[in-house]
Amino acid sequence: MAEAANVFEIQIITPDRVFFLGSGSMIEMTTTEGEIGCYPMHVPTTVVLTPGIVTIHDAKISDTVEIPEAIRPDGSLIAAVHTGFAEILNDKVTIMAEVAEWPCEIDKVRAEAAAKRAQERLDAKQEKTDLMRAEQALKKALVREEIAAMEA
Amino acid sequence: MASMRDIKRRRTSITSTQQITKAMKLVATVKLQKAKNHAESVTPYFDNMYNTVSSLLAMTKNINHPYLKVKSGGKKAVVVITSNRGLAGGYNSNVVKLITGDSRFSKENTDLYCIGHKGIEALTHRGYNITDDDSEVMEAPVYGDATRITRILLSRYAAGEISELYLCYTHFKNTVVHEPRCIKVLPVDVKKGRKKDDDNALMNFEPNPEEVIDMIIPKYVSSLLYGALIEAVASENGARMQAMDSATSNAEEMINDLTLKYNRARQGSITQELTEIIAGAEAIS
């Protein structure tokens, strides 16, 4: 385990479960302003997340939660997180996600189909289509595909 | 005194009712267990959301955002969460009473968004205006339902059609205590005073506080709604379990009482027959 000063507490919470609880030395996530990485002792910040991959480096899982995913050989954990926000404090990061998935939970076939559907809807450019929603759906599907590919 | 046959018939009918209430109690107990676990897994998300929103608002006091501003003119919207099925004691009528007994919610100036058939029945009967019926959600609430309803409500709020949003549901305190509650959701009115205020004294918001509020408040509302739905399901099953439990024991009591009466009647008829036979024999001799 790294020295205490170099790790911080990380929580990922979704409405239905405590998705991740533990610690890490660094966390990467995708915000509305772009991808950010964050180390311990970061300035307190609240950021808005967009669909993307969250990577926790040197992850240690707390005993109180069970996680289906194994820590990868380089010590990191990856997860797909769609829409939510993150509260960064200097010794703790809390991600409140509406949807979060481990790579092993993703149905690749479904994700591909969803990506295709969303792309078609965007290409069709009908007046009625809710562009924002279609775009969001496409983003989510792409993230799912990407993370599933990373795992393979 | 009722005849032996009447008593016997009544006892049989109560016995079969008791079997039904007993079975319903068992079903409710199992469902309650499931709903209770679910309710417990929702709590961390909800608590964190509440903390974040309260610290966010504490820091952004001067921001003029539509979700925070008190408006006037529009109607009041109330989301009423009841159950689809009856036989749950006072569960549904307690929630309905929150609406009918509150002078803030006049019949003309209130739009009700009902979830649960029983609430709709009772409130339509009393002449309230039911705007929307999402009863099927109650069968198995998922987070997607909460976001969908929230989206509808927020768009109406943004359009100025409604000026205040309330949520009436039954709070699940523990297995035996459920209290009907009415909370104000919009405009957001979060109590100040978080435990660790100093933690957030210098919180930054990216991209900026307005956009963060814009994005967090809808999530806050849907998390409230989702939490309420889940707690309501747990409370419903808890209330049903209690109601069925007392129904079963009442039936038991009645059966005991009737058995006693039946035995007395039987005894009485035997005595009477004997008296008649003896009297007849004496008359002959």
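**Where chain A meets chain B**

Let's start with one pair: A:Thr45 has B:Asn204 as its bridge partner in E6(B). Strands here, E, are DSSP runs of at least two residues, numbered from the N terminus. This is a predicted model, where local features need pLDDT of at least 70, side-chain atom pairs count only at pLDDT 80 or more, and totals for chains, interfaces and linings use all residues. Residues are numbered from 1 along each chain as its sequence is written, and chains are lettered from A in the order in which they are written.

Back to the strands. E5(A) and strand E6 of chain B, residues 204-206, run parallel and are joined by three bridges. Two strands pair if DSSP finds at least two bridges between them.

Now the contact as a whole. Chain A puts in 21 residues and chain B 24. In contact means C-beta atoms, placed from the backbone, within 7 Å. On the chain A side, strands E1 (8-14), E2 (17-24), E5 (45-49), E8 and E9 (92-101) each supply at least two residues. E5(A) gives the most, with four residues.

A:Asp58 is not a glycine, yet has a positive phi of about 50 degrees. A:Asp58 sits in the loop between strand E6 (52-57) and strand E7 (60-61) of chain A. A:Asp58 counts as partly exposed because it has 17 C-beta neighbours inside 10 Å. The cut-offs: buried is 20 or more other C-beta atoms within 10 Å, exposed is 12 or fewer, partly exposed is in between, with C-beta atoms placed from the backbone.

A:Thr83, also not a glycine, has a positive phi of about 50 degrees. A:Thr83 lies in strand E8 of chain A, residues 77-89.

How values were computed
Contact = placed C-beta atoms within 7 Å.
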